[in-house]
Amino acid sequence: MITLTDTFNGTVISRHRTVKAAEVARRRHAGMVRKANGANSYVTYSIRADDGRDISEELETARHILNCLQGL
């Protein structure tokens, strides 16, 4: 499982089966934070695998794919 954590407040936001789903959730949460608190508000996030494996490459790939899809 992949865990999306709000590191600013130290809380788990959600858990996901894929890195892509965690990144989509992070973007959705960031949008809700900006909508509720103003355009300049932000939260720091951490996306990590529960088993401790390195997912940095998977995360970069997911972000690249989502950025390409967003441009369509």
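Asp-6 is placed in strand β1, which spans residues 2-6, where helices (H or I, at least four residues) and strands (E, at least two) are DSSP runs numbered from the N terminus. The model is a predicted one, in which local features need pLDDT of at least 70 and side-chain atom pairs count only at pLDDT 80 or more, whereas totals for chains, interfaces and linings use all residues. Residues are numbered from 1 along each chain as its sequence is written, and side-chain values use heavy atoms, with hydrogens and water left out.

The mean pLDDT (the predictor's confidence in each residue, from 0 to 100) of the protein chain is 92, and 99% of its residues reach 70 or more. Confidence is lowest in helix α2 (residues 56-70), with a mean of 90, and highest in strand β2 (residues 11-16), at 96.

Asp-6 is buried, a term meaning under 20% relative accessible area with a 1.4 Å probe and protein chains only. A polar atom of the Asp-6 side chain lies 3.0 Å from the backbone nitrogen of Phe-8. When residues up to four places away in sequence are not counted, Asp-6 touches Thr-11, Ile-13, Val-43 and Thr-44, contact being defined as heavy atoms within 4.5 Å.

Ser-46, located in strand β3 (residues 45-49), is likewise buried, with a relative accessible area of 12%. The side chain of Ser-46 makes a polar contact with that of Arg-48 at 2.9 Å, such a contact being a pair of N or O atoms within 3.5 Å, of which, within protein, one must be able to donate a hydrogen and the other to accept it, while residues adjacent in sequence count only if both atoms are side-chain atoms. Not counting residues up to four places away in sequence, Ser-46 touches Thr-3, Leu-4, Thr-5 and Thr-7.

Terms used: Buried < 20%, exposed > 50% of the residue type's maximum accessible area, 1.4 Å probe, protein only. Lys, Arg positive; Asp, Glu negative; His and termini not counted. Salt bridge = Lys/Arg side-chain N within 4 Å of Asp/Glu carboxyl O.
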